[in-house]
Amino acid sequence: MTAAGRRLLVGLLFVAIALNYVDRQVLSLLKPTLEAEFGWTSSDYAHLGSAFQIAAASALLLVGWFVDRVGVRLALGLGVVLWSLAGMAHAFAGSVQQFVAARVALAVAESVGTPAAVKTAAVYLPLRQRSFALGLFNTAPNIGAILTPLLIPPLALAFGWRAAFLVTGGLGLVWAIFWIIGTRRLRPVEAVTAATPKAAGWGMLLRARSSWTIIGAKALSDLVWWFVLFWTPDFFHREFGLEQGALGYPIVLIFSFAAAGALSSGWLFPKLVDSGLSINAARKRSMLFYALLIVPIPLALLTQSAWVAALLIGVGLFAHQGISTNIFGLSTDIVPASGIARVIAMGAVAGNISGSLIIELAGWSIDNGHGYWPMFAICAVAYLLALAFIQLMLPVIRPVNPLDERPAA
């Protein structure tokens with residue numbers, strides 16, 4: 001596969017992941033409007049979020065097998081078409097139950113995105129390009145999350161909330177045309193082909209400490225992302241009185257920090273390796289740096305300024321994306337390429353389950369007068385716990401592909 005072909009592949013995946021998060025975030029940005037029209041409580045809204053998480057978790061194991069079985073070209077192309085149609089279906093919902101049905105369909109289709117993206121990096125890109133691509137892929141959700149609050153509230157105010165769902169869903173159908181044309185000549189890198197002569201079976205993957213390392217790390221870290229993504233617009237509306245038209249600005253700041261965090265991780269890890277550190281040392285030192293950054297996030301509850309709160313939450317998401325990119329990179333280090341989509345899927349299952357729990361906790365906490373304190377406290381320590389779990393499971397990270405080895409440090 002040529003260098004130009006790899007750049008095109010990375011670009012198409014970047015756009016697909018960005019669109020994925022555009023479709024996810026539309027509902028949270030329209031919450032004040034939909035809450036007023038349908039009379040939702042915070043618990044009703046939480047149920048929409050947890051239904052999405054549980055549906056995604058239920059689909060992910062099959063999706064991981066499907067991606068490993070048919071390859072990323074067919075799996076991702078089909079997934080984007082289906083999730084675009086599911087996003088557009090929200091425009092025709094008239095009750096909580098119909099919104100739940102649309103969210104479930106969206107979640108099932110979107111679950112293909114992460115396993116397909118990480119498998120693409122593992123199979124089609126060499127180590128150095130792989131790390132940068134994973135950082136870029138992890139930036140894509142933030143670009144989607146930046147563009148959505150800038151575009152959706154004005155679009156909804158001008159044309160109604162239903163138009164917002166129709167327009168964002170339609171973008172994915174346009175993307176699918178470019179994907180079909182642009183990925184006709186996919187070829188794996190030779191190192192991957194040589195290093196993975198035998199397919200990894202389910203038994204092998206479930207017995208491996210490496211698999212459970214990724215699963216546990218995702219469970220402890222992803223809940224922060226899902227909480228911030230789903231509840232941040234409500235937080236600024238409730239705590240600072242921001243209305244529909246003004247909600248987008250602090251959210252843009254937050255996800256701009258998140259995008260920078262993903263890019264910084266894609267740059268930091270190769271830099272540490274080039275300095276002479278082993279993969280083990282480079283991964284863990286970079287993850288410790290990010291884990292410490294999020295510790296002050298509960299201070300967002302004490303400030304009187306929406307912008308200071310956005311800055312604190314933004315630094316937290318900077319940390320999240322740094323950790324998340326490292327976990328994806330760790331999976332390509334320690335999991336055979338033939339099983340990586342399934343392991344990432346299992347990790348995403350764990351992350352979706354923990355995400356549904358914190359989303360439900362938020363709904364209960366707000367409706368019962370406890371506010372946002374419990375969730376922010378959990379966010380502050382989640383990544384330190386994730387790093388401790390990785391250290392417990394893998395005291396030394398040993399790459400599954402010998403060609404990726406670096407000198408010990």
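Leaving aside neighbours within four places in sequence, Val-112 is in contact with Val-63, Val-67, Ala-75, Leu-76, Gly-79 and Trp-83 in this predicted model. Val-112 itself sits in the loop between α5 (96–110) and α6 (113–124). Gly-71 is 41 residues away from Val-112 in sequence, and their C-alpha atoms are 11 Å apart in space.

**Two helix pairs**

Some of those partners turn up again where α3 meets α4. On the α3 side the contact uses Phe-66, Val-67 and Val-70, and on the α4 side Val-72, Leu-74, Ala-75 and Leu-78. Sorted by class, that makes 7 nonpolar residues, with no polar and no charged ones. Helix α3 covers residues 42–70 and helix α4 residues 72–89; they pack at about 135°, and their axes are 7 Å apart. The two helices are therefore oblique to each other, since 135° falls in neither the roughly perpendicular range of 65 to 115 nor the roughly antiparallel range over 145.

Then there's the start of the chain. Helix α1 (residues 3–29) packs against helix α2 (residues 31–38) at an angle of about 55°, with 5 Å between the axes. That angle makes α1 oblique to α2. Leu-27, Ser-28 and Leu-29 come from α1, and they meet Lys-31, Pro-32 and Leu-34 of α2. This contact divides into 4 nonpolar residues, 1 polar and 1 charged.

Val-26 also belongs to helix α1. What does Val-26 touch beyond its neighbours within four places in sequence? The list is Thr-148, Ile-152, Ala-164, Phe-165 and Thr-168. Val-26 has 0% relative accessibility and so counts as buried. Pro-153 lies 127 residues from Val-26 along the chain, but the C-alpha atoms of the two are separated by 9.0 Å.

**The nonpolar cores**

The largest nonpolar core holds 133 residues, and the members that touch the most others are Phe-227, Trp-231, Phe-236 and Phe-255. Which helix gives the largest share of this core? That is helix α11 (residues 209–240), with 14 residues. Take Trp-231: setting aside residues up to four places away in sequence, it touches Ser-42, Tyr-45, Ala-46, Ile-359, Ala-362, Gly-363, Ile-366 and Tyr-372. There is also a second, separate core of 5 residues, and among them are Ala-57, Leu-60, Ala-348 and Val-349.

Thr-213 comes out at 0% relative accessibility, so it counts as buried. Beyond the neighbours within four places in sequence, Thr-213 is in contact with Leu-330, Phe-389, Ile-390, Met-393 and Leu-394.

**Two more residues to look at**

Arg-130 is placed in helix α7 (residues 127–159). Buried or exposed? At 4% relative accessibility, Arg-130 counts as buried. For Leu-299, head to the loop between α13 (279–293) and α14 (306–334). Its relative accessibility is 44%, so Leu-299 counts as partly exposed, a class that runs between the 20% and 50% cut-offs.

| Pair | Apart in sequence | C-alpha to C-alpha |
|---|---|---|
| Val-112 and Gly-71 | 41 residues | 11 Å |
| Leu-299 and Leu-312 | 13 residues | 7.3 Å |
| Val-26 and Pro-153 | 127 residues | 9.0 Å |
| Arg-130 and Pro-374 | 244 residues | 37 Å |

The protein chain has a mean pLDDT of 85, and 93% of its residues reach 70 or more. Where is confidence lowest, and where is it highest? It is lowest in helix α9 (residues 190–195), at a mean of 49, and highest in helix α16 (residues 373–393), at 96. The pLDDT is below 50 over residues 192–197, a stretch with 6 contacts in the model beyond near neighbours in sequence. Residues 402–409 also have pLDDT below 50, and this stretch has 19 such contacts. Where pLDDT is low, the predicted coordinates should not be read in detail.

Notes
Residues are numbered from 1 along each chain as its sequence is written. This is a predicted model: local features need pLDDT of at least 70, side-chain atom pairs count only at pLDDT 80 or more; totals for chains, interfaces and linings use all residues. Side-chain values use heavy atoms; hydrogens and water are left out. pLDDT is the predictor's confidence in each residue, from 0 to 100. Helices (H or I, at least four residues) and strands (E, at least two) are DSSP runs, numbered from the N terminus. Contact means heavy atoms within 4.5 Å. A nonpolar core is a set of buried Ala, Val, Leu, Ile, Met, Phe, Trp, Tyr and Cys residues joined through side-chain atoms within 4.5 Å. Buried means under 20% relative accessible area, exposed over 50%, partly exposed in between (1.4 Å probe, protein chains only). Axes are lines fitted to C-alpha atoms, for helices over the stretch in contact, and angles run from 0 to 180 degrees between N-to-C directions. Angles under 35 degrees count as roughly parallel, over 145 as roughly antiparallel, 65 to 115 as roughly perpendicular and the rest as oblique. Ala, Val, Leu, Ile, Met, Phe, Trp, Tyr, Cys and Pro count as nonpolar, Asp, Glu, Lys and Arg as charged, and the others, Gly among them, as polar.
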